Amino acid sequence: MKRLGLLLVLLGAIALPALAQNLVLNGDFEGGFSSVGGETIANQWSWWDAGTVNPAYPGSTHFWQVGGVPGSAQRIIGGQIAGQSFRGGVYQVVSGTIPGLPHTFSFDYLVAGTTDPGAGQERRIGYDLTGSTNPDSGDIVWVVVEDATGDKPWQHFETTITPTGTSVTIWTRVGIFWPVATTFMDIDNVSLVPVPEPAGLAVLGAGLAWLWRRRRV
Ligand SMILES: [Ca+2]
């Protein structure tokens, strides 16, 4: 048992610095942007577009690089450029998550758009614990839903999530069905960090102890 205790202390000392690391790549949007088909997408991020949302006002989602808090941010435009309907966003499959361990998920965001609930406006940020790349998956948990709240300044959001696997997908979804107003969302400082709290470490420790026992059998 003494050896096991020493092993856990050693592993803890190795694991702790790694736990404090943000698993999101280019989460602060300071790692550059690329031009993709005339749109500007942050490096390490993927984009999705739902195609024709409202046949009366066909369009496509647009992506810009704008001022963030601080530096740069990703803008997703979901409406009313030349009377078009849109739905789309950026997403990232974040790998390296530790199953069963709490992670802090945080970001800053800004929304602008109509307060008309009949416009079919969507401005959302969420996560999918399955690591899926399906923007319409029922597994996505939307932690920000600002569908018809009008214009707002930059806001900070933070919550704790517990991954069930070694990857989590972070999603944004911006759109409008009836192009009655300009609709967009900016996002910056996206972070997913394992929490080295006592409860989290206890789970990790139990896992390591289980592995240690298995090795000895
Ligand atoms: Ca930034």
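Leaving aside its neighbours within four places in sequence, which residues is methionine 185 in contact with? The list is Ile76, Tyr109, Leu110, Val111, Arg123, Thr172 and Val174. Here, two residues are in contact if their C-beta atoms, placed from the backbone, lie within 7 Å.

## The model

This is a predicted model: local features need pLDDT of at least 70, side-chain atom pairs count only at pLDDT 80 or more, and totals for chains, interfaces and linings use all residues. Residue numbers start from 1 along each chain, as its sequence is written.

## Overall layout

The protein has two helices and twelve strands. Both are DSSP runs, numbered from the N terminus: helices are H or I with at least four residues, and strands are E with at least two. Along the sequence the pattern reads α-β-β-β-β-β-β-β-β-β-β-β-β-α.

Take the contacts in the protein with a separation of 6 or more: 77% of them come from residues 24 or more positions apart. Of the 217 residues, 35% count as buried. A residue is buried if 20 or more other C-beta atoms lie within 10 Å of its own, exposed if 12 or fewer, and partly exposed in between; the C-beta atoms are placed from the backbone.

## The five-stranded sheet

Strands of a sheet pair through backbone hydrogen bonds, either parallel or antiparallel. In this protein, five strands form an open sheet in the order E3-E6-E11-E8-E9, with antiparallel pairing. Two strands pair if DSSP finds at least two bridges between them. Strand E3 (46–49) and strand E9 (141–145) stand at the edges, each with a single partner strand, so one side of each has no neighbour in the sheet. From one strand to the next, the twist averages 20 degrees. Such angles run from 0 to 180 degrees between N-to-C directions, and the axes are lines fitted to C-alpha atoms, for helices over the stretch in contact.

Now follow the bridges. Four of them join E3 to strand E6 (residues 86–95). Tryptophan 47 has valine 90 as its bridge partner in E6. Eight bridges join E6 to E11, where phenylalanine 86 stands opposite isoleucine 176. Seven bridges join E8 to E11, and arginine 123 stands opposite valine 174 in E11. Nine of the ten residues of E11 are buried, so this strand is largely enclosed by the rest of the structure.

## The nonpolar core

A nonpolar core is a set of buried Ala, Val, Leu, Ile, Met, Phe, Trp, Tyr and Cys residues joined through C-beta atoms within 7 Å. The largest one holds 29 residues. Ile76, Tyr109, Ile170, Met185 and Ile187 touch the most other members. The elements giving two or more residues to this core are E5, E6, strand E7 (103–112), strand E8 (122–128), strand E11 (167–176) and E12.

Which bond joins valine 69 and proline 70? It is a cis peptide bond, with omega about -5 degrees. Proline 70 sits in the loop between strand E4 (62–67) and strand E5 (72–79).

Asparagine 26 is not a glycine, yet its phi is positive, about 55 degrees. Asparagine 26 lies in the loop between helix H1 (2–19) and strand E1 (33–36). Asparagine 26 is partly exposed, with 17 other C-beta atoms within 10 Å. Asparagine 189 also has a positive phi, near 55 degrees. Asparagine 189 is in strand E12 (residues 183–194). Is asparagine 189 buried or exposed? Asparagine 189 is buried, with 21 other C-beta atoms within 10 Å.
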